[in-house]
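Please open the structure in a viewer and keep the selection tool at hand.

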Amino acid sequence: MLTRKTQDKFLLAATWAAATVTILFLLWVVWHVLSNGLSFVTWEFITSSYTRIGEASGIWPMIVSTVYMVVLTLSIATPIGIMTAIYLTEYAKPGSKIVQVIRFCIESLAGIPSIVYGLFGMTFFVTTLGLGFSILAGSLTLSILILPVIIRTTEEALMAVPMSYREGGYALGSSKIYTIWRLILPSAMPGIITAIILSIGRVIGESAPVFLTAGMVTKIPESVLDSGRTLTVHLYKLTQELFSQNEWDQAYATATVLIVLVLFLNLITKLIATRYAKKSY
Amino acid sequence: MNIGNKSLPQTAQSIPTKKRDWIGIFFHILFICSALVGVFSLATIVWFLFSEGLPAFRQAGVLDLVFGDLWLPPALFGIFPMIVASLASTIGAVIVGVPVALFTAVFLAELAPQWLANIVRPAVELLAGIPSVVYGFFGLVIIVPAIEVIFNIPAGNTILAGIIVLAIMILPTVITISETSLRALPPVYKEGALALGASNIYSIFKVLIPAAKSGILTAIALGVARALGETMAIIMVMGNAPAMPGSLLDPARTLTANIAMEMSYATGIHASALYATGIVLLVFIVILNAVILYINKKRAY
């Protein structure tokens with residue numbers, strides 16, 4: 001048997017090794033993509049349209065589709081999510097039957113694999129409601145998918161607002177809705193913005209439910225009823241046809257754009273978190 | 001709101017005046033309706049899943065569909081190879097990923113110097129944010145060719161490649177939740193162990209980890225859910241042959257991949273069979289959630 005000291009040393013080494021492995025994998029993924037892709041991310045690549053063959057292929061239509069998708073999804077899901085969170089924290093009696101039902105449903109929604117959302121979205125929004133493969137169908141599907149994230153994060157932000165704010169508001173004779181609007185929501189704002197940024201990340205990152213509902217047409221969508229290909233779907237399609245060097249370069253460049261976007265979103269979240277932490281103390 | 005205008009102080013009961021606060025009522029109703037959107041969404045999804053999937057079960061038979069070996073739409077709809085592939089890749093990812101994640105969580109919660117933890121933690125969060133297609137792409141260009149070379153096989157698109165990619169992808173989930181549950185333990189646990197003369201490492205591994213067991217199990221269960229539900233990265237690295245895999249070095253198609261690959265052109269009973277695939281996938285998720293619920297019920301000490 002090993003002595004206790006050797007055991008300790010072994011376990012300590014194992015934790016350091018594990019953390020190193022985690023970091024190395026992250027660095028490897030990020031570095032491999034950036035080092036192969038960064039030089040191909042030119043202004044031209046970002047702003048020109050996709051031509052499939054030749055050197056001039058860009059990702060502008062995919063950027064437009066992704067932005068459409070993010071904006072539309074958030075404008076559907078954010079109000080509903082925030083209002084649900086307000087209902088759960090400010091109105092509903094904690095532990096009542098209806099709260100239990102709502103919470104159960106939100107938790108279940110969070111557990112459904114995203115491909116099932118795609119399956120559902122394709123039959124319900126695309127076919128049954130007749131929206132066709134469109135940004136709108138994709139956004140509606142993703143709205144349900146990100147709803148749990150928005151509700152939970154907003155709820156936490158609302159619950160972190162001190163009770164005295166509410167009491168103060170009511171003591172001054174403010175109505176409930178006025179107190180929520182003028183006192184509770186503003187002080188929960190950093191948390192709500194974090195929820196929104198998290199959702200932006202989710203919408204940008206999803207691919208399976210998106211290509212089943214929004215399709216993969218490479219044109220710039222002219223309206224929300226047009227089909228569009230988002231950046232992640234584009235990267236997926238590119239990897240299905242990696243034949244020439246040009247296609248490899250495009251795939252690396254697209255992956256680079258995605259990673260840079262994620263880095264950027266993480267940075268904003270961090271900035272909000274630190275600024276808010278400084279303010280409150 | 002204009003309390004100042006009211007000349008006389010009012011009693012508490014008289015404050016809600018007869019002028020009913022219509023705006024307040026309107027918003028109250030609006031908030032309730034919003035909260036019910038989630039309920040209706042879930043109901044619609046479940047209803048669609050079952051009404052679309054049941055015809056396939058009815059036509060092929062539940063046992064033939066779940067345990068059938070052959071997927072030859074529109075004639076045969078056996079999804080057992082996909083069940084095996086999903087379970088193999090998920091269990092493999094857990095075996096490879098969870099030890100690394102757990103040790104990293106211990107490192108972050110207990111052993112790392114503050115400055116180092118402040119670098120590793122954001123890195124883990126970043127790992128969580130990277131889109132799954134990027135992991136799939138990485139797997140395709142690095143892991144798949146590496147498997148071809150190491151095992152000297154013609155195509156590296158195998159279950160093994162899927163396991164490695166999924167193992168990386170579940171790291172952030174398992175690390176973050178395990179770390180949180182380790183940090184949530186009252187400090188007296190460790191202080192007590194140290195006071196009894198146990199070493200720092202001994203008290204972490206023999207006192208703290210057992211104490212945080214339920215949180216760690218929840219973390220693992222959520223990792224399993226992520227691995228089981230992952231679609232695009234798996235499609236990109238696992239080869240997608242709908243045949244029964246014989247070993248880890250065979251290509252395979254998971255339940256999620258089966259849906260994603262064929263849904264865009266499937267019609268009739270074929271589409272219904274894909275819904276049935278979704279139902280089977282959901283059954284696994286429900287079982288997993290029941291496990292999480294059971295773990296957390298037991299946690300209520």
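The stops below begin with the two chains together and then turn to particular parts of them.

**The two chains together.** Please bear in mind throughout that this is a predicted model. Select chain A and chain B in two colours. In their contact, 70 residues of chain A meet 70 residues of chain B. The two chains bury about 6,500 Å² between them, and 84% of that area is on carbon and sulfur atoms.

**A pair of packed helices.** Next, select helix α1 (residues 4-37) of chain A together with helix α3 (residues 80-111) of chain B; their axes are 8 Å apart and form an angle of about 105 degrees. Angles of 65 to 115 degrees count as roughly perpendicular, and α1(A) and α3(B) are therefore roughly perpendicular to each other. Now show the side chains at this contact. On α1(A) the residues include A:Leu11, A:Leu12, A:Trp16 and A:Val21, and on α3(B) they include B:Val100, B:Phe103, B:Phe107 and B:Leu111. The residues of this contact comprise 12 nonpolar, 3 polar and no charged.

**The annotated domains.** Select residues 63-269 of chain A, for which an unreviewed UniProt entry lists "domain: ABC transmembrane type-1". This span is 79% helix and 0% strand, and its end C-alpha atoms lie 22 Å apart. In chain B, select residues 83-292, which carry the UniProt annotation "domain: ABC transmembrane type-1", also from an unreviewed entry. Here the span is 80% helix and 0% strand, with end C-alpha atoms 21 Å apart.

The unreviewed UniProt entry places the feature "transmembrane region" at several stretches of chain B, among them residues 192-209 and 273-295. Select residues 192-209 of chain B: the span is 78% helix and 0% strand, and its end C-alpha atoms lie 15 Å apart. Finally, select residues 273-295 of chain B, where the span is 100% helix and the end C-alpha atoms lie 33 Å apart.

Technical notes: Residues numbered from 1 in each chain as written. Chains lettered and ligands numbered in written order. Heavy atoms only, no water. Axes fitted to C-alpha atoms, helices over the stretch in contact; angles between N-to-C directions. Helix = DSSP H or I, 4+ residues; strand = E, 2+ residues; numbered from the N terminus. Parallel < 35°, antiparallel > 145°, perpendicular 65-115°, else oblique. Contact = heavy atoms within 4.5 Å. Nonpolar A, V, L, I, M, F, W, Y, C, P; charged D, E, K, R; others polar. UniProt positions renumbered as here; feature names shortened; annotations may be inferred. Buried area = accessible area lost by both parts, 1.4 Å probe.
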